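Hi everyone, thanks for coming. Let me put the structure up so we can look at its charges together.

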Amino acid sequence: RNVSATVAIRRVLSCADCNCDGSHDVAMATVAETFLADLDDLSDEEREDEEMEEVQEEAEQERRKRRRTGGVQEVAKLRSTERYQRVLEEVRRVRSEESKIVGEDAEQRYNLVLECNEIALEIENELFEVHNYIKDVYRTKFPELESMVNHPIDYARVVKRIGNEMDVTRVDLDGLLPSATIMVVTVTGSTTSGKELDEVSLQQCMEACEEAFALDKDKKTVLKFVESSMTLIAPNLSIVLGTEVAAKIIGIAGGVEALSKIPACNVQVLGAKKRNLAGFSSAGAAVQPHQGFVFECPIIQQTPPALRNKAARLVGSKCALLARFDAFGDDRSGSIGEKMKDEIVKKIEKWQEPPPARVAKPLQVPDMEPKKRRGGKRYRKMKERYGVSDMGKLQNRVQFNQAEEEIIDGDEMVGMGMVGQENSGRLRVQMKKSNLASKAAKKLAKVQNRRYGTGVTSGLSSSIAFTPIQGIELENPHLKMQADKGRSGTESYFSESGGFSAMPKK
């Protein structure tokens, strides 16, 4: 249909620039017809799906009706087959004989074990069919029971114990179900909307329960035989899990080869029971999620509860490998199983070891000496030049609960801090004597001494001075200093003959 629609569209596109008459209409008609045909096909498919669902529903109703009228023999036909009876008789005969099995007998027993695995799987399927038959018949009497009791054998036991009794409080269910489930079943049974069964339906229901019990008994017999023969079919797996747990896992998987094809993540949940808390808290539930037959092996039971889930994942992964060794390997001595069991035990013991003790490291000796800083003449000068003065320190401090004075510096308001916060209102800050001023004065005195001489006259010194105006002139510097002392400050500044004078040291 899609090809025809595509061809029609191509025809329309190819005729876009041509001068043919009527071809466009034919192409468009072809596209429309194809689209309508597709819609008809879709509607036909939907009708076919609806008809198939109706047929399946009618077949299921017919099957339920046939179950009710024909009895449990309509669904449970396994026990009447010749192969089933032959295998069970052979299993009972071999279990009764306690002789040593060698040679051909060992090979025959191995084949019998493989056949028992197939029978165990068929029994499981037969139990499922019988369980559905019991639910179909007993749903008229107690429809809520199937949602509260999930296990087929437990359901059959409860149905047989209750029977056609309408007052469930009179029925003793101790030993069949947990106490919490018993209370829920009792309360629900007293308020159920079900009706009593007739004699025929009740008789068929009881026969179905007996059939389920017989199948379960035969299954246990087969599994016990497989358990006693596990050293022949799965020696490595039996060493890690134990013969009982290995037989259960192989039985539910359908054989060693079928178990070898199951992923390791699914091995640990084989045989897990479905929990039905019926509104109760899951804190005290005995059955935890994802706990299958692997949790029953001795290795996990000896592990602390906090590490059992982790150990189950480890054992499940090793079991998947061992099943492949047993199914396709040539080593039947069990050495690989012993090696893996030792690895598992060592890992679990390693998990239980306490963490290494923390070593008490002594604290370092505190450095009591002051931190060394950069020293030198240049650093001291820089520190004195850029150091904060006392007035700057007061300006950076603010007195509590008292407003500070502010001054305008250009376009900014500058806070004065604690400057001027005394009672008199005056600025009383003692200026620190700067070493820079004294050093500058000393440097200036040295220059003057070089020029005019010091107060102590050396024998080699001369009073002759060379001037550009008078030439060689003989003068006394002390007399000049005395003359300068008599002048006023203004005169010493603005006079033409004024200059620097060296002050005598005291």
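I'll go through the salt bridges, then the surface patches, then the rings.

Quick housekeeping: this is a predicted model, where local features need pLDDT of at least 70, side-chain atom pairs count only at 80 or more, and totals for chains, interfaces and linings use all residues. Residues are numbered from 1 along each chain as its sequence is written, and side-chain values use heavy atoms, leaving out hydrogens and water.

So, how many salt bridges does the structure hold? There are 19, counting a Lys or Arg side-chain nitrogen within 4 Å of a carboxyl oxygen of Asp or Glu. One of them joins Asp218 and Arg79, at 3.9 Å from N to O. Asp218 is in helix α8 and Arg79 in the loop between α2 and α3, so this pair ties together parts 139 residues apart in sequence.

Now the patches, built from residues with over 30% relative accessible area (1.4 Å probe) and no salt bridge, like charges being joined within 9 Å. The negative one includes Glu46, Asp49 and Glu57, and Glu57 lies in helix α2, residues 23-70. The positive one has Lys377, Arg380 and Lys439 among its members. Helices α17 (377-386) and α19 (435-452) each give two or more residues to that positive patch; helices here are DSSP runs (H or I) of at least four residues.

Last, the rings. Lys310 has its charged end over the ring of Trp351, 4.4 Å from the centre; the cut-offs are within 6 Å of the centre and within 35 degrees of the ring normal.

Conventions: Patches are made of residues with over 30% relative accessible area and no salt bridge: like charges are joined within 9 Å, nonpolar side chains (Val, Leu, Ile, Met, Phe, Trp, Tyr) within 5 Å. Lys and Arg count as positive and Asp and Glu as negative; His and the chain ends are not counted. The place of a charge is taken as NZ of Lys, CZ of Arg, CG of Asp or CD of Glu.
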